[in-house]
Amino acid sequence: MLSVDMENKENGSVGVKNSMENGRPPDPADWAVMDVVNYFRTAGFEEQASAFQEQEIDGKSLLLMTRNDVLTGLQLKLGPALKIYEYHVKPLQTKHLKNNSS
């Protein structure tokens, strides 16, 4: 499971650490819809996490999302949507690409 250090940074992000607790794979490409939902719940986006479930966003879909998808496609308030994309989706995409390009 990806555990989240709940000490908020100044920019609103939280530190994310990889582990295999609760069976969630460390690579987001392998996440099921509920892994994505639980990731965002753990990250402090309880209310917004349900949008990922309603839209059936699994790990592969999450890694394909654009900024516009998050800001408009999930029908979230702008503030949380920006934080979700900039501090979670984008870093997960970058890390995934880095890990799979070598």
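Me: Why are α1 and α2 called roughly antiparallel to each other?
Reply: This is a predicted model, in which local features need pLDDT of at least 70, side-chain atom pairs count only at pLDDT 80 or more, and totals for chains, interfaces and linings use all residues. Residues are numbered from 1 along each chain as its sequence is written, and side-chain values use heavy atoms, with hydrogens and water left out. The axes of helix α1 (residues 33-42) and helix α2 (residues 46-54) cross at roughly 165°. Angles run from 0 to 180 degrees between N-to-C directions, and axes are lines fitted to C-alpha atoms, for helices over the stretch in contact. Under 35 degrees counts as roughly parallel, over 145 as roughly antiparallel, 65 to 115 as roughly perpendicular and the rest as oblique. The two helices are therefore roughly antiparallel.

Me: What else describes a pair of packed helices besides the angle between their axes?
Reply: The distance between the axes is also used. Here the axes of α1 and α2 come within 8 Å.

Me: Which residues make the contact between α1 and α2?
Reply: From α1 they are V33, M34, V36, V37, F40 and R41, and from α2 they are E46, A49, F52 and Q53. Contact means heavy atoms within 4.5 Å.

Me: What makes Q93 buried or exposed?
Reply: Q93 has a relative accessible area of 13%. Buried means under 20%, exposed over 50%, and partly exposed in between (1.4 Å probe, protein chains only). Q93 is therefore buried. Q93 is found in helix α5 (residues 78-100), and beyond its neighbours within four places in sequence it is in contact with L62, L63, L64, M65 and Y85.

Me: How many of the chain's residues are buried, as a percentage?
Reply: Buried residues make up 39% of the 102 residues in the protein chain.

Me: What is noted about phi of E56?
Reply: Most residues other than glycine have a negative phi. Phi of E56 is near 55°, a positive value in a residue other than glycine. E56 is found in the loop between α2 and α3 (59-64).

Me: Why is E56 called exposed?
Reply: Its relative accessible area is 60%, so E56 is exposed.

Me: What about Q75, buried or exposed?
Reply: Q75 has 72% relative accessibility and therefore counts as exposed. Q75 lies in the loop between α4 (67-73) and α5, and its phi is near 55°, again a positive value in a residue other than glycine.

Notes:
Helices (H or I, at least four residues) and strands (E, at least two) are DSSP runs, numbered from the N terminus.
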